[in-house]
Structures are given as C-alpha cells and as structure tokens.
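Hi,

Here is the structure I promised to pass on. Have a look at it first, and then read my notes below.

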Amino acid sequence: MPFKSLETFNTVTDRNVLALQEAKAAGRKVVGQYCIYSPLEIALAAGAIPVSLCGTKNDSIAIAESMLPRSLCPLVKSSFGFALQDSCPYLAASDIVVADATCDGKKKMYELLNDYKPVVLLQLPQIQNEDAALYWRGQFAGLVARLEKEFSVSISREKLLDAVRLTNRLRRALKGVLDLARRKPSPLSGMDILSLCFRASFMPDYEQCIALLDDIAREIANAASAEAQTECPRILLTGVPTGMGSHKVVQLLETCGARVVCIDNCTCYKKVLLQMDETRDPLSELADRYLATHCSVMSPNPHRYEVLEALARDFQVDAVVDLTWQGCQTYDVESWSVKKFVREKLSLPFLQIVTDYSETDTEQLKVRIEAFLEMLA
Ligand code: SF4
Ligand code: SF4
C-alpha cells in the first residue's frame with residue numbers, strides 16, 4: 001500500500017548527498033562511521049554530521065579484491081572498494097573516519113584505509129563487563145579529545161547531553177515506525193523497513209528526519225487497520241548488516257511469499273535499542289549502552305539471545321532467518337548456537353543463509369527459501 005508520508009520521506013532522502021554537501025559548504029564537519037559501536041553523539045556534540053559508510057554495493061568489490069583477499073566478507077570489500085574508486089560521496093565528504101576494531105577483516109582493512117582518509121580506530125573490547133565498559137569509556141574520551149583537536153571545538157558535558165537527547169528522540173521516532181510491523185498483518189514490507197532505515201542513516205538533518213518519521217508513524221497507524229491484507233509467514237531476519245544493494249535476501253524472502261516484519265541487524269532494529277539514560281554521566285552511559293550491542297564479535301554474546309526472544313515474541317514471527325555474509329566467521333560460527341536457541345527455546349523454524357552481494361546464487365537461494373516457506377505452510 002503506498003503511503004504519502006513514505007513517498008515524501010523518499011523524496012527528501014533522495015537529496016541526502018546534496019543536503020550533506022550543502023551543510024559542508026556552510027562549514028559543518030562530517031564524521032564517517034562504519035559500525036554501530038561508533039557513537040553518533042560524540043560527532044554531534046562536536047558540531048559535526050555523522051554519516052554511515054558501510055559498503056552495501058557489489059560494484060566496488062572487484063577493485064577491492066586487487067588488494068584484499070577474495071575470501072573476505074563482501075561488506076569489508078565493498079567498503080574498501082569505495083575508497084579505492086573514490087566513488088562514495090559520503091566518504092568523500094568525511095573529514096575524518098571513526099572505526100572500531102571489531103572483526104579481523106574490518107580492523108585490518110582500516111589500516112589500509114588510513115592511506116585514503118584519516119582514521120580514528122577505537123579499540124573495542126570484545127567482552128561486555130564492567131572493566132570493558134570502563135576501558136570503552138576511555139576510548140570514547142580519547143575520541144572526544146581527538147575531535148576537539150581536529151575541529152577546534154570544545155565538547156562539553158552539556159553538548160554531549162544535548163546530543164544524547166537528540167539521538168534518543170531519533171531512535172524513538174524510528175522505533176515508532178518499525179514497531180508498526182508488530183501488527184498482523186504488517187503494514188510495512190521488509191523492503192520498506194530496510195529502505196527506510198538505510199535512507200535515514202544518511203540524513204544530515206536529524207530534526208527533519210524525526211519529523212518525517214513521526215509523519216510516517218501517524219499516517220500508517222491510522223491507515224493500517226482499514227487495510228485488509230492476506231497474512232503471509234512472518235519472518236524475523238537476524239545477522240549481518242544489510243542495505244540497499246545488499247538487499248537480495250530480504251527481497252527474495254518477500255517475492256517467495258513471506259513478510260519480513262523485523263530486521264535484527266545494525267542497519268535496522270539494533271539501532272533503536274540504543275536508548276540512553278539522560279540522567280547519567282553521558283560518556284559512561286554511551287560507553288555502557290554501545291558496548292551492550294549484540295554483535296557476534298562479542299564473546300560471549302548473551303544479548304543476542306535476549307533480543308531474539310523479545311523480538312520473536314513482540315513481532316509474533318513464524319520463523320527466524322539468519323543471514324551470514326560469506327567470509328564472516330563470527331556470524332557463521334554463532335549461527336549454530338542461534339539455530340539451537342531458535343529451535344529449542346523459541347520452538348520456531350530456522351534457516352541460515354550464507355551468501356554475498358552478487359546475483360550468482362539467486363536461483364539456488366530461491367529454491368531453498370521456497371522449500372522453507374512451504375515447510376512453514
Ligand atoms: S555486525 Fe558488528 S562488525 Fe558488523 S557493522 Fe554491526 S557492529 Fe559492526
Ligand atoms: S559481516 Fe562479519 S566479517 Fe563482515 S564486517 Fe560484519 S562482522 Fe566483519
């Protein structure tokens with residue numbers, strides 16, 4: 001069903017690159033970020049615009065393979081390929097890049113990226129406990145000092161708190177839209193969800209983004225109950241980040257007859273879980289909350305199961321599909337435990353899909369997905 005507010009959102013976000021370039025021309029700095037662990041709030045408190053840089057396109061992979069191993073995950077290769085080709089306007093606009101030492105492929109790629117852009121590498125602990133959170137706070141304090149120096153600004157506690165309040169509003173607005181898919185039937189398709197989250201991550205004006213998301217939530221909340229749709233199998237997609245260009249599996253699931261109602265990854269629902277306590281010391285709160293993100297680079301990674309259980313219940317899903325990019329060892333290994341958890345604890349059907357950004361396996365995946373959906377029926 002076409003929603004006017006969604007069309008408006010698409011029209012406005014079609015101008016994301018232009019809007020970023022205008023803001024830059026007006027003197028704003030731009031901080032490129034690759035991972036959900038990089039705090040938006042520190043860039044915002046420095047007066048800069050944070051933009052997402054994760055590579056989601058197949059086109060930039062061939063050139064990346066001239067320097068990186070072919071066996072590496074497509075997300076790492078695509079991201080690096082953009083730097084080699086100088087073809088990403090968001091990377092081009094970035095005055096500095098903030099990166100996190102997450103998986104091996106990413107952190108080694110950042111060493112090479114440093115030849116193309118100044119990179120601040122945050123040393124992410126890979127366990128979630130108090131010592132690690134304290135260490136992570138120290139990394140954030142280092143980032144504050146670096147951005148203050150680079151941009152000749154002062155990042156006060158008050159500015160950080162303002163940034164925390166702003167991102168809380170943004171995440172609440174995004175959650176308000178994503179949670180519409182809890183309804184049966186869901187008024188949003190998985191492709192709507194993915195496109196919306198992806199576009200929002202490049203929007204330089206957060207206030208405008210909040211207003212547009214609120215409009216979408218309002219319009220769909222009023223319209224959805226009037227719409228009679230046939231219910232399809234409801235899928236919770238979990239695993240690696242996806243975006244427009246790496247949307248193959250979301251699209252295939254839906255063309256085969258399923259409805260992706262929730263996407264538990266860094267592009268989509270993981271973001272809205274980062275709600276900050278506005279009464280605490282902002283750096284400590286940022287460190288604690290960001291570190292709690294349930295990425296498979298954490299060992300152990302207990303929050304992944306807690307979140308899966310809550311999302312499966314809240315979105316009333318019929319099955320869980322775990323997407324893994326080829327070459328991603330952490331998500332691939334973790335998939336075994338996720339499968340066990342989903343089947344035994346949640347009593348839901350489970351399918352793991354390992355693929356890349358190319359179209360070469362589309363037919364093969366289609367056959368597997370169709371068989372899985374038939375089994376659900
Ligand atoms: S899945 Fe993990 S490593 Fe990948 S973008 Fe998200 S936080 Fe970063
Ligand atoms: S998908 Fe896996 S290998 Fe690729 S960047 Fe994320 S954690 Fe690293």
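Where is Cys-268 found? Cys-268 sits in the loop between strand 6 (259-264) and helix 13 (269-272). Keep in mind as you read on that this is a predicted model.

Is Cys-268 buried or exposed? A residue needs 20 or more other C-beta atoms within 10 Å of its own to be called buried, and Cys-268 has 26 C-beta neighbours inside 10 Å, so Cys-268 counts as buried. If you skip residues up to four places away in sequence, Cys-268 touches Leu-178, Ile-193, Leu-194, Cys-197 and Ile-263. For a sense of scale, Cys-268 and Asp-332 are 64 residues apart along the chain, and their C-alpha atoms are separated by 20 Å.

Another spot I looked at is Val-250, which belongs to helix 12 (residues 248-255). Val-250 counts as buried because it has 25 C-beta neighbours inside 10 Å. Leaving out neighbours within four places in sequence, the contacts of Val-250 are Gly-190, Met-191, Leu-194, Leu-237, Thr-242 and Val-260. Leu-124 is 126 residues from Val-250 along the chain, with 30 Å between the two C-alpha atoms.

Now for the core. The largest nonpolar core has 114 residues, and Ile-193, Ile-235 and Leu-236 are the ones with the most contacts inside it. Helix 9 (residues 157-178) gives the most to this core, namely eight residues. In soluble globular proteins, nonpolar side chains tend to be buried together. Take Ile-235: setting aside neighbours within four places in sequence, Ile-235 is in contact with Leu-253, Ala-258, Arg-259, Val-260, Val-261, Val-317, Ala-319 and Val-321.

Then there are the ligands. Which residues lie around ligand 1? They are Cys-35, Ile-36, Tyr-37, Thr-102, Cys-103, Val-240, Pro-241, Cys-266, Cys-295 and Val-297. By type, that shell splits into nine nonpolar residues, one polar and no charged.

Ligand 2 is surrounded by 13 residues, and the closest are Cys-73, Leu-75, Cys-103, Val-240 and Cys-328. The shell around ligand 2 contains nine nonpolar, three polar and one charged residue. Which helices each supply at least two residues of that shell? Helix 5 (74-85), helix 7 (104-113) and helix 16 (329-345) do.

Cheers

Key:
Residues are numbered from 1 along each chain as its sequence is written. Chains are lettered from A and ligands numbered from 1 in the order in which they are written. This is a predicted model: local features need pLDDT of at least 70, side-chain atom pairs count only at pLDDT 80 or more; totals for chains, interfaces and linings use all residues. A residue is near a molecule or strand if its C-beta atom, placed from the backbone, lies within 6 Å of it. Ala, Val, Leu, Ile, Met, Phe, Trp, Tyr, Cys and Pro count as nonpolar, Asp, Glu, Lys and Arg as charged, and the others, Gly among them, as polar. Helices (H or I, at least four residues) and strands (E, at least two) are DSSP runs, numbered from the N terminus. A nonpolar core is a set of buried Ala, Val, Leu, Ile, Met, Phe, Trp, Tyr and Cys residues joined through C-beta atoms within 7 Å. A residue is buried if 20 or more other C-beta atoms lie within 10 Å of its own, exposed if 12 or fewer, and partly exposed in between; C-beta atoms are placed from the backbone. Two residues are in contact if their C-beta atoms, placed from the backbone, lie within 7 Å.
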